[in-house]
Amino acid sequence: MRGRPGVFRRWMRRRAEVAATACLAAAVILAPATAGVGLAAVQSAIDENWRGSYDILVLADSSSLVSTSEAATLLDPNFANTSAQPIPNDLAEAVDALPGVALAAPVGFLGRLWDVRDFPIVQMPAELLKQDPVRTVQLRWTVRTDDGLGSRIADHQVFDFAINASAWDGISDVHSGDPTISVASHVPVDITLADGTVRIGFWPLPTVASTVFAVEPQAELELLGDNAPAAMHDLLAADESLTAIQGGLGRWPTGENLSSIIKAGGADFDRWGIDATEPALNGQYGRDGQLAPVITASDALPTLQLTVDFAISGPRSTGSSGALTDAGTVTVDAGSELSPFASTGVVVPWPGFEGGEPTTYVQPALPTGVGSTVLSSPPQEAPPNPDENAYTLAPMGMLRAVPLDRRQVDDGRGVGQTQTYRADGAPTSLQIGDAQASGRGAPLIVGSYENDSLDLEELDAAPLGAYDPARVTRLTTGDGTPVSPTQLAPSLTGLGIVAQPATAITSITGARALGVADPITAIRVRVADVGAYSPQSMGKIIDVASAIEALGLQAYIVAGSSRQSIQVWVPDYAFGVSDPDEPQVVSDLGWVELDAVSLNVAQSTVSTLTTLASAISAGSVIVAFGALPLLARAQIDKNRRNEPVLRFAGWSRGARFRWFAAEGAPGALIVVLAALAGWLLAGSRGDETPGALALAACVSVAAMAVVLCVAAASSYTPASRRPRLVKRGRRRPRPPVAVLAARRAPMMVASGFLVGVVSSAFSMGVTVILLASSTASRTALGSLLSQTQLPFLLASLVSGLLAAIVLLCALTSRQSAASAVQASTLTRVGSWSRAPLNTLASIEIAVLGASATVVVVMVAVIAPDSISPLVSLGPRSGIALPALATFTPVLCVAVARVIGERRALRQRADES
């Protein structure tokens, strides 16, 4: 036995097996490692984004559900922007008292204020009437707004006023109704004169709806955290002060100085920036109304721009004979001057004249509810994205911009008319007082904020309800032509496609002062002691949700949810015009995309990605192991060429078995160690340990089984495989090329079968990954998680494919070495040229490629549609992907075949 090479040295001489073992070990390690790293990255991403501002949304009923299906449960993010069944006060208190509830922040939709008529005041210098007391004034009145599609005219009028101030002495003030100055016009006109200024009121602005909400200020501050507007602190302070004052005084006594009473009670007027001219403090909402502290959103109302072209007849002393002369144009940002509850008397100064301060006055308002949008089945038009949910939006009827204008027919063609897509609900219990009313609410504005200043996270699926209505983006025109995505804006009516954010927010106590006994329509609940995403964390949230549902309320878990886009077809849209002489057009707006909240995204996405990662890693290892039988078959052929020598040397069959088994032991040991390493890497995630352990055990058993089978088969050469003498003349021999091709055909067919299986597995793996990623990407959170995991899944899949290709190339290299012996003999003894050798190589590659193609086609036919590349990816990609996955290993095998044979021929030529 002296001089016999060691086991490891003998194994290192088998270069093909060394390369194959190294690649297989790499695949065994990389597959679970990449999957584990990917899942760790997913866990890190979901820990940062799976919880929003709160965990559970509590509603009185299920009216806010958009749809419920096996694929997803979609919740309307505008749950607080519409009238809903109220949650009784005792149930709201019970929710707050439940074990495990860290925060219960109520919110309520109190109503929509409509038909608050805001009359702009045209202020002209009295000097014009001193020059000539008889004047004709013409005003071309144009109001523009923007619905997101561009500027559109909301109202256009032409007013002619014949003013006669002949009875005015040029000094005295003129009050409303005083006949000293008369005005003739086709509309009622109110005219006053004081301080050298003539004030004319005659026509309202287009009505802009306001929405009123209620929150508990302290809970809202905790909910919003650093994002809370400073005005919310003002609302909290005012609520506490006014509650204490009104609790001690009861209703406000008539004739009392409310400012003094409030100051005596400790309210900080200076901090709130208000004075005694505030309508709530001077009886404009009624002397006996209870005060309700309110903060307003300065950017909640739509844009409203008033442009007035002035013309006036010249003084008669100049001989102008009453001809009108252009006096100039004035543009006023009326939208920024509007108030949710009172008319502000927007000042429109005469060109070149500095107008005075506006006068705030209160007129009776009409509180109404706001219904949800009604979605039905999609139309026949194909949506832009067939993978997203599609619906049709139901129109509710046209509304005029100026309800006072009775000349228009509500057909959508009149200038300024808009289609409504939300029902105008029945009047609510919200009560806003006026000077003639008694016992109604008096809203006291104590601060303002901007919704756009709130830093609301894109991935925060928990809609806050008052500040963040769902965005609506136009995708196509009415004929289906794609357009640049355009974000739509709320309409003047507050009943358009886009829900209006809160215009005014009061406290829960303030809501009751405004006449709403049960103001809460939703509760946003944050669960205590919930950390990183885990089954234990979800269990705590589920327990609290179950306790809430036991109270008879609906509890929707929004932790782990995400925004998801849905496509909506919008019919009968009233398109605005920029020319007042043109009628509006009513036609289909096209497809728009709006947000919904998809529940349970984190749970479903993590489950899908975890299962997919485990399947891909296991599949890649199994595919790589599929090449081992062929490599083992080639090794058996090589060992059997040495077996007669060992048998002639007197070795027993057991000794020969141990000899050949020892040669494969290092490779098997390396594979087993790699499997254990992969198990340890994957086992860092507790839930992956059983699967990783099972895979490592299977890999180890398979490696040992291959080694033992190779040793057993190599230790004995059956009689059918031993050389035999063929008597001459018995049959006509076949051509040498055909003989060699036929002998090698089984191995090439087997190799082709392996290539087909590998390419099909790779193609279906890529298809499953892409489909899973596409499905997950429908939501913002799912898209983040899938993009985090996708590179690792592809790396795991590619590692298995590369391992299989290297094993095939190693097998080809070994076959090339054996073929080189025959080729060398044929070139020296049989006088073969290079051409027959090339023909033989071409036949072998053709057989391999044909076998692989047949397998790929068969797998494509029998594969389920859900994982079939042809069905799932479409004809082009479905054919290109398997073709590329098949062509790549076949090309590698062909190159290895040619290079290996040429190298072996050169080596034998050098040896001879």
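What percentage of the 912 residues of the chain count as buried? The share is 52%, where buried means under 20% relative accessible area, exposed means over 50%, and partly exposed lies in between (1.4 Å probe, protein chains only).

## Basis

This is a predicted model: local features need pLDDT of at least 70, side-chain atom pairs count only at pLDDT 80 or more, and totals for chains, interfaces and linings use all residues. Residues are numbered from 1 along each chain as its sequence is written, and side-chain values use heavy atoms, with hydrogens and water left out.

## Overall fold

The chain holds 19 helices and 31 strands. These are DSSP runs numbered from the N terminus (helices H or I, at least four residues; strands E, at least two).

Take contacts (heavy atoms within 4.5 Å). Among those between residues at least 6 apart in sequence, 78% join residues at least 24 apart.

The chain exposes about 39,800 Å², by the Shrake-Rupley method with a 1.4 Å probe. Carbon and sulfur atoms supply 57% of that area.

## Around Thr521

Thr521 sits in the loop between helix H9 (508–513) and strand E26 (522–527). Its relative accessible area is 5%, so Thr521 is buried.

Which residues does Thr521 contact, leaving aside neighbours within four places in sequence? They are Val58, Leu59, Ala84, Gln85, Pro86, Ile87, Val107, Gly108 and Phe109.

## Asp90

Asp90 belongs to helix H3 (residues 89–96). Asp90 counts as exposed because its relative accessibility is 53%.
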